[in-house]
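Thanks, everyone; I will take a few minutes to walk through some side-chain contacts and strand pairings. Please keep the model in view as I go.

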Amino acid sequence: MKIRIEIEESLEEEIVIRCKELTPRILRYQQMLNDEINKLSQLVLYREDTEYYIAPDDILFFETDDAEVYAHTAKDVYETRRKLYQLEEILPSSFMRISKSAIVNTDKIYSIKRNLSASSAIEFAGTHKQIYVSRIYYKVLKEKLEEKRYEK
């Protein structure tokens with residue numbers, strides 16, 4: 001694979017990927033570029049009367065409780081004014097939906113306690129917090145985690 005950069009002052013910036021076929025590797029490169037281009041440096045989150053500016057990498061998961069959406073870090077819980085579907089659109093590709101009421105940061109997953117008859121528990125390193133992945137989303141989550149193992 002070659003990487004070539006052409007500088008031409010009169011052109012608008014554009015990234016072009018030329019390939020023989022569309023492979024999972026090429027799709028990963030595309031996603032990495034999209035994540036970098038659309039990088040969300042901070043989210044505005046709330047707790048009581050205070051606004052907090054938190055990097056998405058610090059968030060373990062988002063979950064809904066009644067009509068509210070909460071962002072969980074290893075130590076704290078914050079409220080967001082966005083709905084889960086809105087968060088899905090702006091978060092990096094390391095985040096994915098794991099149930100109707102939750103989105104998880106796959107980079108932060110430490111373990112998954114498999115339960116064949118119900119939801120499986122996701123645990124995170126360095127914290128007691130956990131979230132459940134529904135059976136419907138379990139397979140997709142496992143595939144994403146498997147892909148991550150081979151990326152590095």
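Over which ring does the charged end of Arg114 sit? The ring is that of Tyr138, and the charged end of Arg114 is 3.8 Å from its centre; a charge counts as over a ring if NZ of Lys or CZ of Arg is within 6 Å of the ring centre and within 35 degrees of the ring normal. Arg81, likewise, lies over the face of Tyr46, at 3.6 Å from the ring centre.

Before going on, a word on the basis. This is a predicted model, in which local features need pLDDT of at least 70 and side-chain atom pairs count only at pLDDT 80 or more, while totals for chains, interfaces and linings use all residues. Residues are numbered from 1 along each chain as its sequence is written, and side-chain values use heavy atoms, with hydrogens and water left out.

Turning to ring pairs, the search of the whole structure gives 3 aromatic pairs, where rings of Phe, Tyr and Trp (its six-membered ring) pair if their centres lie within 6.5 Å, planes under 30 degrees apart being stacked, over 60 edge-to-face and the rest tilted. One of them is the tilted pair of Phe62 and Phe95, with 6.0 Å centre to centre and 50° between the planes. Because Phe62 lies in strand β3 (residues 61-65) and Phe95 in strand β6 (residues 95-99), this pair ties together parts 33 residues apart in sequence; strands here are DSSP runs of E, at least two residues, numbered from the N terminus. Phe62 is buried at 0% relative accessible area, and Phe95 is buried at 8%, buried meaning under 20%, exposed over 50% and partly exposed in between, with a 1.4 Å probe and protein chains only.

Next, the salt bridges, of which the count is 4, each being a side-chain nitrogen of Lys or Arg within 4 Å of a carboxyl oxygen of Asp or Glu. Among them, Asp76 meets Arg47 with the closest N and O atoms 3.4 Å apart, and this pair links the loop between β4 and β5 to strand β1 (residues 43-47), 29 residues apart. Asp76 is partly exposed at 27% relative accessibility, as is Arg47 at 30%.

Notes
Helix = DSSP H or I, 4+ residues; strand = E, 2+ residues; numbered from the N terminus.
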